[in-house]
Amino acid sequence: MRTIKDLKPDELTGKRVIVRVDFNVPLAEGAVTDDTRIRAALPTIEYLCSAGSRVILMSHLGRPAGIGFEETYSIVPAARVLSRLMGSEVKTVQSVTGPKVRAAVDSLDNGEILILENLRFDAREKKNDDSFSHELADLADIYVNDAFGAAHRAHSSTAGITKYLPSYAGVLLANEVETLTEMLEDPVRPFIAILGGSKVSDKFGVIEKLLEKVDTLIIGGGMCFTFLAAQGHATGMSIVEEEWIDRAREMLTKATTKGVDLLLPLDVICADTFSEAAQICIRGIDEIPEDQMGLDIGPATCAYYREAIAKGKTIFWNGPMGVFEMKPFEMGTKAVAEALARNQEAQTIIGGGDSVAAVKQFELADRMTFISTGGGASMQLVEGTPLPGVEVLN
């Protein structure tokens with residue numbers, strides 16, 4: 001994969017470099033509430049600025065209608081944060097392409113930064129429309145993709161634009177791909193994967209791939225109940241994908257055949273309603289009441305999983321163990337996060353999504369080896385499905 005570091009600084013001086021970043025950040029009352037993704041882009045932006053490039057940033061944010069500017073989804077709050085982090089002004093323009101953007105680009109001095117408005121204000125972005133790709137490419141001399149979180153999308157700003165410009169991976173994207181690829185191809189063993197979330201169907205391809213790679217696979221979250229149903233356990237009102245029970249049974253058999261320890265809960269925390277105020281009880285997997293649902297793994301399972309995690313040398317985690325956003329059901333996810341933080345001999349890789357939110361919530365992010373910025377992209381890479389935004393850079 002071609003990376004921006006393949007270019008010497010003098011090859012970048014004075015060049016207009018358009019960079020696809022992932023500034024799809026959470027906002028509240030017009031302010032950014034989590035600047036992690038903006039900080040993650042700093043190495044690429046700083047490298048280009050120090051080389052004297054004229055830097056043009058572009059990103060999507062939220063889900064606008066695609067029919068023009070919407071104040072709610074403006075990229076300006078992200079630009080303010082970047083200005084503060086860089087210690088210098090980041091210029092903005094209230095358009096994505098067109099004469100105003102062209103004039104703003106032409107006014108840039110070497111080392112200065114301009115950020116375009118939200119790419120998805122133009123419906124052509126998600127359609128990978130060739131005319132839009134060409135308009136973006138016309139603004140620059142070089143293209144850099146540093147948006148790993150959007151690399152699994154074939155959009156104009158991640159794929160189409162590469163037809164018209166010399167194209168490179170940024171520091172962040174290259175690091176994400178390298179870390180996840182090396183994890184799969186040459187892990188230090190024991191290699192443990194922890195998967196959670198609500199549905200087996202969402203992660204079937206990932207499970208299939210990991211069963212070829214790992215020594216231990218730990219299952220939690222709502223998806224565990226489909227596996228428990230496949231083993232013949234009654235699951236009460238817990239979420240079960242009936243149409244996936246046979247597939248889950250096949251995966252259990254595959255794990256045995258491959259010599260993989262596939263760990264499932266021993267007990268769960270149950271409630272009769274999906275509520276912060278729900279009355280909870282702890283039940284073994286053979287004791288789940290018919291009128292209750294499992295919403296977290298139980299204390300015996302936490303201890304079981306902690307013991308397994310302590311033995312790992314390479315550990316990959318994607319997906320919570322329960323509804324960790326609610327205090328009564330955070331114990332399992334917190335236990336896993338703490339177990340990873342405690343195992344300082346292991347390379348701990350957090351595969352984006354809710355797992356990232358969890359390690360931040362429990363203030364353990366700085367004790368993880370690597371935190372991916374792209375949940376969907378990291379899952380697609382792990383399951384072996386090509387990422388359009390990466391393939392075009394090879």
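Biologist: Where does Glu 363 lie?

Modeller: In this predicted model, Glu 363 sits in the loop between H13 and S17.

Biologist: Why is Glu 363 called exposed?

Modeller: Its relative accessible area is 69%. Exposed means over 50%. Glu 363 therefore counts as exposed.

Biologist: What is there to say about phi of Glu 363?

Modeller: Phi of Glu 363 is near 55 degrees, a positive value in a residue other than glycine. Most residues other than glycine have a negative phi.

Biologist: Which loop holds Glu 29, and is Glu 29 buried or exposed?

Modeller: Glu 29 is in the loop between strand S2 (27-28) and strand S3 (31-32). Its phi is also positive, near 55 degrees. Its relative accessibility is 87%. The cut-off for exposed is over 50%, so Glu 29 is exposed.

Biologist: Why does Val 55 count as buried?

Modeller: Val 55 belongs to strand S4 (residues 54-58). Its relative accessibility is 0%. Buried means under 20%, so Val 55 counts as buried.

Biologist: What is Val 55 in contact with, leaving aside its neighbours within four places in sequence?

Modeller: Its contacts are Val 17, Val 19, Leu 48, Cys 49, Leu 108, Glu 112, Ile 113 and Leu 114. Take Leu 114: it is 59 residues from Val 55 along the chain, and the two C-alpha atoms are separated by 6.3 Å.

Biologist: What makes the peptide bond between Arg 189 and Pro 190 stand out?

Modeller: The bond is cis, with omega of about 10 degrees. Most peptide bonds are trans. Pro 190 lies in the loop between H7 and S9.

Biologist: How do H7 and H14 pack?

Modeller: Helix H7 (residues 171-185) and helix H14 (residues 375-382) pack at about 35 degrees, with axes 10 Å apart. The crossing is right-handed. H7 supplies Val 177, Leu 180, Thr 181, Met 183 and Leu 184 to the contact, and H14 supplies Ser 378, Leu 381 and Val 382.

Biologist: How many residues of each class are in that contact of H7 with H14?

Modeller: Six are nonpolar, two are polar and none is charged.

Biologist: Which strands form the parallel sheet, and in what order?

Modeller: Six strands form an open sheet in the order S11-S10-S9-S15-S16-S17.

Biologist: Why are S11 and S17 called edge strands?

Modeller: Strand S11 (261-263) and strand S17 (370-371) each have a single partner strand, so one side of each is left without a neighbour in the sheet.

Biologist: How do you know that S15 pairs with S16?

Modeller: Four bridges join them, and they run parallel. Pairing needs at least two bridges. Trp 317 has Ile 350 of S16 as its bridge partner.

Biologist: How many bridges link S9 and S10?

Modeller: Four, in the parallel sense. Leu 195 stands opposite Ile 219 in S10. Thr 216 and Ile 218 point one way from S10, Leu 217 and Ile 219 the other way, and all are buried.

Biologist: Which strands does H12 lie across in this sheet?

Modeller: H12 lies across S9, S15 and S16, at about 155 degrees to S15.

Biologist: What is the order of the antiparallel sheet?

Modeller: The order is S13-S12-S14, an open sheet of three strands. Strand S13 (280-284) and S14 are its edges, each pairing on one side only. The twist averages 40 degrees from one strand to the next.

Biologist: What joins S12 to S14?

Modeller: Four bridges join strand S12 (residues 267-271) to S14, running antiparallel. Ala 271 has Met 293 of S14 as its bridge partner. H11 packs on this sheet and touches S12, S13 and S14, at about 40 degrees to S14. H12 lies across S12 and S14, at about 20 degrees to S14.

Biologist: What is the span of H12, and how does that compare with the expected value?

Modeller: Helix H12 (residues 331-342) has twelve residues and reaches 16 Å from its first C-alpha to its last. That is close to the 16 Å expected at 1.5 Å a residue.

Biologist: Which residues of H12 are buried, and what covers them?

Modeller: Gly 332, Thr 333, Ala 335, Val 336, Ala 337, Ala 339, Leu 340 and Ala 341 are buried. The cover includes strands S9, S14, S15 and S16, with helices H11 and H13.

Technical notes. Residues numbered from 1 in each chain as written. Predicted model: local features only at pLDDT ≥ 70, side-chain atom pairs only at ≥ 80, totals over all residues. Heavy atoms only, no water. Helix = DSSP H or I, 4+ residues; strand = E, 2+ residues; numbered from the N terminus. Expected span 1.5 Å × (residues − 1). Buried < 20%, exposed > 50% of the residue type's maximum accessible area, 1.4 Å probe, protein only. Contact = heavy atoms within 4.5 Å. Axes fitted to C-alpha atoms, helices over the stretch in contact; angles between N-to-C directions. Left-handed = near helix turned anticlockwise from the far one by under 90°. Nonpolar A, V, L, I, M, F, W, Y, C, P; charged D, E, K, R; others polar.
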